[in-house]
Amino acid sequence: MITSTLMMPVVVLTTLATVISVGLGFLPRPSLSAALWATAFAIAMVGAYVWLAQEHTAPEQLRALGSGLVITPMPLIWAGLRAYRGLDRQHLAVAFLFGLLAPVTLLLSTFADVYGVALRVVFTATSVFAALIIVELVRLGPRLRDEALPLLGVSFGFIVFAVIVDVNGVMVMTGAIRAAEGSDSLELVRTLNQVGMAAYIVCALITTLLLTICGDDAAVTPRDAFERTARNRLERAQAADDDGWSLIDIRLDDPDDIRTATSTAAFHAVTERFARDVDSVLPADADIDRVTPTRFVALVPRSQGGVRELLTQLLERVSTMKHHQSVPVRLTASIGWAPVSAIGYDFATLVTHADAAARHAYSAGGDRWERRRGDAATRGSAPAVERRRDVIEGRSL
């Protein structure tokens, strides 16, 4: 009865996690990572129902199969994190193979009377994937630190639990502890497993859902809408032989360092202030795309002299210390500038050159812009450096 009582929350949680992961994660924002995470919760849900069915139908094999299905989706969560990070190899074959072998191993072990050993081996192997999940979460970087924390903490807990399961197995085999009358040596393991899996499902759902909805790829302005508008404007400008357009790439310098050194609220305040600075300086007829909270791309209809004035003003505004500023450091930005007169009217080419110029500006120390000239663009050489006027006057180039 105790086992059945503890299993009911796991059944409810896995069911809710599957519905929420599919309804709020995969369907609105379909991706490989979201699909893998939703599949993991669905497999755990099936395992929970199979395990619960054993309480009413009695065959030990159902409980073994359910145990394997509940814990083996962890490799899919790991594969989903690799897909989320944009890695070429997600090791899906490893994830699905483990998801197949683990429940089959536990099922067959019930016929050979070695279920206790098999269960502890499976837990130990699964803890390896918990460690791999920790590695992938750390590699997400500081800007997704808060989103990663729930799954990060519970994955550490799973490794500790696996150690407890192994120690318990050694003590049972050596006779250091004996099962109480009317129970078996796995009663403690099963109880801890049910409680632990309930916690793991909740934490995994929180992290994966936040990554799906609130990650850096969730742009404020749909990229396809901005691209369609920009391409249309560039096509009309080309037809009218109007070369007074520029694509600029604006990036806050050292966002990871700022995120690491501050709280979530302080970093959010920094990014919102950066967005206000960009909106207040760029003209009303400019098309702006917020690629990430710390990066903007804009198509500006101005002459080169007008754009130069805008960039100088924007750099000065970003670097000006404000009263009650959430981060007591001077903020700076790096800007890549790709004028149509030098690069041409192709949107993708402009984006590529603006991106390269922004990266070069940052590598040169930041707090500056760099403009791509026609000769640099055609020869593939480094972009021409154009710093803020006060920098040019104050230091030699």
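Reply: Val-117 is found in helix α6. In this predicted model, Val-117 counts as partly exposed because its relative accessible area is 48%. Together with Val-114, Val-121, Val-170 and Met-173, Val-117 makes a nonpolar surface patch of about 460 Å². Two elements, α6 (115-139) and α7 (145-174), each give two or more residues to this patch.

The structure holds 16 salt bridges. In one of them, the side chains of Asp-146 and Arg-259 meet at 3.0 Å, N to O. Since Asp-146 lies in helix α7 and Arg-259 in helix α10 (residues 255-261), this pair ties together parts that are 113 residues apart in sequence.

A second salt bridge joins the side chains of Asp-355 and Arg-251, at 2.2 Å from N to O. Asp-355 belongs to helix α14 (residues 347-363) and Arg-251 to strand β1, so parts 104 residues apart in sequence are tied together by the pair. With the cut-off for buried set at under 20% relative accessible area, Asp-355 counts as buried because its value is 19%. Arg-251 is also buried, at 16%. Both residues take part in a network of salt bridges that links Asp-249, Arg-251, Arg-295, Asp-355 and Arg-359.

Strand β1 (residues 246-252) also holds Ser-246. This serine is buried, with a relative accessibility of 1%. The side chain of Ser-246 makes a polar contact of 3.0 Å with that of Trp-337. Beyond four places in sequence, the residues touched by Ser-246 include Ala-298, Leu-299 and Val-300, as well as Ala-338 and Pro-339.

A further salt bridge is formed by Arg-302 and Asp-285, whose closest N and O atoms are 3.0 Å apart. Arg-302 is placed in the loop between β3 (295-300) and α12 (304-319), and Asp-285 in the loop between α11 (264-281) and β2 (287-292), so the pair ties together parts 17 residues apart in sequence. Here Arg-302 is partly exposed at 30% relative accessible area, and Asp-285 is partly exposed at 37%.

Note on methods
Residues are numbered from 1 along each chain as its sequence is written. This is a predicted model: local features need pLDDT of at least 70, side-chain atom pairs count only at pLDDT 80 or more; totals for chains, interfaces and linings use all residues. Side-chain values use heavy atoms; hydrogens and water are left out. Helices (H or I, at least four residues) and strands (E, at least two) are DSSP runs, numbered from the N terminus. Buried means under 20% relative accessible area, exposed over 50%, partly exposed in between (1.4 Å probe, protein chains only). A polar contact is a pair of N or O atoms within 3.5 Å; within protein, one must be able to donate a hydrogen and the other to accept it, and residues adjacent in sequence count only if both atoms are side-chain atoms. Contact means heavy atoms within 4.5 Å. Patches are made of residues with over 30% relative accessible area and no salt bridge: like charges are joined within 9 Å, nonpolar side chains (Val, Leu, Ile, Met, Phe, Trp, Tyr) within 5 Å. Accessible areas come from the Shrake-Rupley method with a 1.4 Å probe; for residues, only the protein chains shown count as cover. A salt bridge is a side-chain nitrogen of Lys or Arg within 4 Å of a carboxyl oxygen of Asp or Glu.
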